[in-house]
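Hello,

Here is the structure we spoke about, handed over for your own reading. My notes on the ligand site follow below.

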Amino acid sequence: MTGPVIAIDGPAAAGKGTLARRLAATLGLPYLDTGLLYRAVGRRVLDAGGDPADPAGAAAAARALRPADLERTDLRGPVADAAAAAVASIPAVRAALLAFQRDFAVARGAVLDGRDIGTVIFPDATAKLFVTASLDARAGRRYAELAAKGGAVPLARVTEDMRARDAMDAARAAAPLRPAEDAVLLDTTALDPDAAFAAALALVEERLRPA
Ligand code: C5P
């Protein structure tokens, strides 16, 4: 590896994406939102009229994934959320996406956000953050995002979908959502985006400093 690898894991809507993107821009590193890979696989399965929970169809979709799939504009929203979580629990899907994620960081290092970056994809990452926040805070943020886009999903539904998806991500046998033993926990419940970013940058810079 020729550059640092920064692993940002945590549950849905904890603020990982915003933090990871800002860290990458500040540190001059490429950024990969690994959730998009699972979302794009789920979409491919749905396009083919398949069931995202069917291992054979989901694994074939993962092997057929192309970079252009990540540019699709229909990778967000409740249907894509559920399809992504379903394909993500299938070991053959995770295996098919592993090399892409590792290769992404080979040339210059990278900031990656997801669920298993610090535990499975890059167990030797330079810095590992596990970003979390209370379910109510996370659901409230997602609700505000959806409302800003004109979506009319009730808050109670957003909260329940998020609770169910986190439970599925944490309970699955393949690369479950959990902090790596050497990850630093960052709870953003009471932090605004700037305060969360300042805390994350300080933690990462401490790890990047030569010993
Ligand atoms: O991060 P995001 O919410 O976009 O991820 C969508 C889904 O993809 C998650 O609920 C999870 O099931 C799966 N995922 C995963 N491992 C990752 C990233 C996402 O299992 N590294």
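**The ligand and its surroundings**

The ligand has 15 residues around it, and the closest are Arg-39, Arg-94, Arg-115, Arg-165 and Asp-169; a residue is near a molecule if one of its heavy atoms lies within 4 Å of it. This is a predicted model, in which local features need pLDDT of at least 70 and side-chain atom pairs count only at pLDDT 80 or more, while totals for chains, interfaces and linings use all residues. Residues are numbered from 1 along each chain as its sequence is written, and side-chain values use heavy atoms, with hydrogens and water left out.

By type, the shell around the ligand holds 4 nonpolar, 3 polar and 8 charged residues (Ala, Val, Leu, Ile, Met, Phe, Trp, Tyr, Cys and Pro count as nonpolar, Asp, Glu, Lys and Arg as charged, and the others, Gly among them, as polar).

Ligand oxygen atoms lie 2.8 Å from a side-chain N or O atom of Arg-94, of Arg-115 and of Arg-165. Taken alone, the ligand exposes 460 Å², and the protein buries 97% of that (accessible areas come from the Shrake-Rupley method with a 1.4 Å probe).

Regards

Notes: Polar contact = N/O pair within 3.5 Å; in protein donor to acceptor, adjacent residues only side chain to side chain.
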